[in-house]
Amino acid sequence: MQDLEIYIRDLEPGAVSGWLENHVDQLELSDSDVANVIKGFARYEGDRVRISLYPGAFGKRFTSLVIEGPRVPWNSDLDCARSAWRAMDTEIRCSPGDWKEGEPVEDEKWWRLDHRGEQQVVWN
């Protein structure tokens, strides 16, 4: 099982489904109201993929998007974030992928993708 997780700032209704429909098949995601948790599904290379949106992440302005399945359309959170940023034109953040359970979170750097480019930043 693979999973991708990105954080989308000020998510607009319909933005995730509009983006994902170009990358997966049989998308079932009702994201016209992004104020509540949303669960959906799609197919990627014939396998079922779970899609979840969790609003209110990191101070309410970000929505966590989790994509889980045997295979997923991108090789890393950063690849997924790049694709989302190009489609949605809003700030996207993701983990650099090297954090391990038990390490202090306050030292953690995140990828931030926005109009200024790609940078590693502390979340706050």
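Student: How many helices and strands does the chain have?

Tutor: In this predicted model, the chain has two helices and eight strands. Read from the N terminus, its elements follow the pattern β-α-β-β-β-β-α-β-β-β.

Student: What does the radius of gyration say about the chain?

Tutor: The value is to be read against the globule rule for the chain length. Here the radius of gyration is 14 Å, close to the 14 Å that the rule gives for 124 residues, so the chain is as compact as a globular protein of that length. Along the principal axes, the C-alpha atoms fill a box of roughly 40 × 30 × 25 Å. Of the 124 residues, 42% are buried.

Student: In which order do the strands of the sheet lie?

Tutor: The eight strands form an open sheet in the order S2-S3-S4-S5-S1-S6-S7-S8, and their pairing is antiparallel. At the edges lie S2 (25-28) and S8 (117-122), each of which pairs on one side only. From one strand to the next, the twist averages 25°.

Student: How many bridges join S1 and S6, and which residue stands opposite tyrosine 7?

Tutor: S1 and S6 pair in the antiparallel sense over two bridges. Opposite tyrosine 7 stands arginine 93 in S6. Helix H2 packs on the sheet, where it touches S1, S5, S6, S7 and S8; the direction of H2 makes about 40° with that of S1.

Student: Is aspartate 114 buried or exposed?

Tutor: The test is the relative accessible area, and buried means under 20%. Aspartate 114 has a value of 6%, and is therefore buried. Its place is in strand S7 (residues 109-114). The side chain of aspartate 114 makes a polar contact with the side chain of arginine 116 at 2.4 Å. Not counting residues up to four places away in sequence, aspartate 114 touches Trp85 and Glu91.

How values were computed. Residues numbered from 1 in each chain as written. Predicted model: local features only at pLDDT ≥ 70, side-chain atom pairs only at ≥ 80, totals over all residues. Heavy atoms only, no water. Helix = DSSP H or I, 4+ residues; strand = E, 2+ residues; numbered from the N terminus. Buried < 20%, exposed > 50% of the residue type's maximum accessible area, 1.4 Å probe, protein only. Polar contact = N/O pair within 3.5 Å; in protein donor to acceptor, adjacent residues only side chain to side chain. Contact = heavy atoms within 4.5 Å. Pairing = 2+ DSSP bridges. Axes fitted to C-alpha atoms, helices over the stretch in contact; angles between N-to-C directions. Rg over C-alpha atoms; globule rule 2.2 N^0.38 Å.
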